[in-house]
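Please walk through this structure with the model open beside the text.

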Amino acid sequence: MTSRLNPASGHPAEIPEYPMARAAGCPFDPPPALRAKQQEGPLTKVRLWDGSTPWLVTRYAEQRALLADPRVSSDVTRPGYPSPAPVTGSSKVSFILMDDPEHARLRRMVTAPFAVRRVAAMRPAIQKIVDELIDDMLAGPKPVDLVEAFALPVPSLVICELLGVPYADHDFFQDNSKTVIKRDATPEQRSAALGRLAGYLDDLLGEKLADPGDDMLSQLTERIKSGELSRQDAARMGVLLLIAGHETTANMIALGTLALLEHPDQLALLRDADDDTDGERLVASAVEELLRYLHITHNGRRRAALEDIEIAGQLIRAGDGLIMANDIGNRDPEVFPDPDRLDIRRDARRHVAFGFGVHQCLGQSLARLELQIVYSTLYRRIPTLRPAADLEQIPFKHDGSVYGVYELPVTW
Ligand code: HEM
């Protein structure tokens, strides 16, 4: 490799490639090279697949400051945007990749169903889904793949119900969303998968325009009829919600379970929690800690600077790319003492696993509720749950934009 001048420090240095590799045998920890960068300082340069050298922001305080700064853009088509893959016509996955005011206008159309109170009312329905899937698992053969039997169906069933998407089509949308978030999918593969999903959502919107039901897509058809929203934008929004609604939570369920099984003292605390307020508090705290500790959206929050920004003694120029490595931000010792320890009793609520600023996760109340129900039910109902494979045999999602496991064989 050739040596370059590192503009972050002013010293000649290798500019490391991003994303960085995790250490072998340490599946829950961010890459050691990322930790080393954090120790060097809050901002450094990295090199991407296309040779560009955006800033990598490794410390919690600077990450939050920049994510809340209106001078940074989420628009993939902006000069300098550090895209994880070549940008194509269909790269715009609705408002997650837009800036205000258009981002806010579209996001507002779908915020109501994700409000804390509305989500809390879904508790009995989600509990029923979780209980029935565990019944099926207990009645079926062992060992079983927890991802397929449980982790994926829970959030898929929930988001289908909320959006009004038939769960019978889950093979179709799960396969296509897998391609969308696969890091090594070619641009053509990703475009084709997004196109198929958008076509599918467009057909569904067509049906609901003619015969509306009591679901989110039907509510969006009202906006189409009033001229506030184009049918294409509604379909794209549907794709975003469908993908975001199940991929992330599914990975948190499977990887979270594996992390707990690998930390039996923490699992015991959770399993033995009483059904009272203290028990509920411990479950809620475990969810926050696992979100912090695992930080599954491990490809960083990507942004482009719209103006010159001075931060931490460094000048970021308009047009520079920015990657907030929130996985290492969640392990910042200034904010979370002894950050590499999984401790479900710590107060981890300040984590950035749901991002920060205007794009902070829209579905966070729903994700929290699903995870609280899962973590408080699965290990109590199957107290002897254990992996049916060695850690080295479990396939981790190093190649995806969402980290997790492809399979988790378990038995009891
Ligand atoms: C544990 C599960 C989840 C995690 C870790 C997670 C993580 C995130 C993160 C980090 C962002 C910020 C992206 C950015 O700043 O560029 C985000 C945004 C988003 N999430 Fe989630 N998410 C989860 C579950 C969900 C669920 C269940 C939904 C429901 C549909 C959802 C919908 C969204 C949407 C629509 C956005 C875009 C918000 C915007 O741009 O204004 N997420 N999520």
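Helix α13 gives the largest share of the lining of the second largest cavity, with three residues. Helices (H or I, at least four residues) and strands (E, at least two) are DSSP runs, numbered from the N terminus. The model is predicted, so local features need pLDDT of at least 70 and side-chain atom pairs count only at pLDDT 80 or more, while totals for chains, interfaces and linings use all residues. Residues are numbered from 1 along each chain as its sequence is written, and side-chain values use heavy atoms, with hydrogens and water left out.

Stay with this cavity. A search of the whole structure finds two cavities of 30 Å³ or more. On a 1 Å grid over the protein atoms alone, a cavity is a set of points where a 1.4 Å probe fits but cannot get out; a pocket is an open set with protein on both sides within 12 Å along at least five of seven lines; and lining residues have an atom within 4 Å of a point. Grid points are joined across faces, edges and corners, and a volume is the space filled by probe spheres set on the points. The second largest cavity holds about 40 Å³ of space. Its lining includes Arg-22, Phe-28, Asp-29, Tyr-293, His-295, His-298 and Asp-327. By class, that lining has four nonpolar, two polar and five charged residues. Here Ala, Val, Leu, Ile, Met, Phe, Trp, Tyr, Cys and Pro count as nonpolar, Asp, Glu, Lys and Arg as charged, and the others, Gly among them, as polar.

His-295 lies in the loop between α13 (277-294) and β7. Its phi is near 30 degrees, a positive value in a residue other than glycine. Most residues other than glycine have a negative phi, and most peptide bonds are trans. Is His-295 buried or exposed? At 1% relative accessibility, His-295 counts as buried; buried means under 20% relative accessible area, exposed over 50%, and partly exposed in between (1.4 Å probe, protein chains only). Ala-312 also has a positive phi, about 50 degrees, and is not a glycine. Ala-312 sits in the loop between β8 (309-311) and β9 (314-316). Its relative accessibility is 45%, so Ala-312 counts as partly exposed.

Now the peptide bonds. A cis bond joins Tyr-18 and Pro-19, with omega about 0 degrees. Pro-19 is in the loop between β2 (12-13) and α1 (32-40). Another cis bond joins Lys-142 and Pro-143, with omega about -10 degrees. Pro-143 is in the loop between α5 (123-139) and β6 (144-145).

Follow the chain into β6. β6 belongs to an open sheet of three strands, in the order β6-β12-β11, with antiparallel pairing. β6 and β11 (386-387) are the edge strands, each pairing on one side only. Two strands pair if DSSP finds at least two bridges between them. β6 and β12 (residues 409-411) pair over two bridges. Val-144 stands opposite Val-410 in β12.

Next, the ligand. 26 residues surround the ligand, and the closest are His-103, Arg-107, Arg-303, His-359 and Cys-361; a residue is near a molecule or strand if one of its heavy atoms lies within 4 Å of it. Ligand oxygen atoms lie 2.7 Å from a side-chain N or O atom of Arg-107 and 2.6 Å from one of His-359. A polar side-chain atom of Arg-301 is 3.4 Å from a ligand oxygen. α3 (102-108), α11 (231-262) and β7 (301-305) each give two or more residues to the shell. α11 gives the most, with seven residues. By class, the shell has 15 nonpolar, eight polar and three charged residues.

The largest pocket holds about 400 Å³ of space. It is lined by 17 residues, with Ala-284, Glu-288, Arg-349, Arg-368 and Gln-372 nearest its centre. α4 (116-120), α13 and α15 (364-381) each supply at least two lining residues. By class, this lining has six nonpolar, three polar and eight charged residues.

Finish at β10 (residues 321-324). Gly-321 and Ile-323 point one way, Leu-322 and Met-324 the other way, and all are buried. β10 pairs with β4 (residues 55-57) in the parallel sense over three bridges, and Leu-56 has Ile-323 as its bridge partner. β7 and β10 pair in the antiparallel sense over four bridges. There, Ala-304 is partnered by Gly-321.

Methods:
A polar contact is a pair of N or O atoms within 3.5 Å; within protein, one must be able to donate a hydrogen and the other to accept it, and residues adjacent in sequence count only if both atoms are side-chain atoms.
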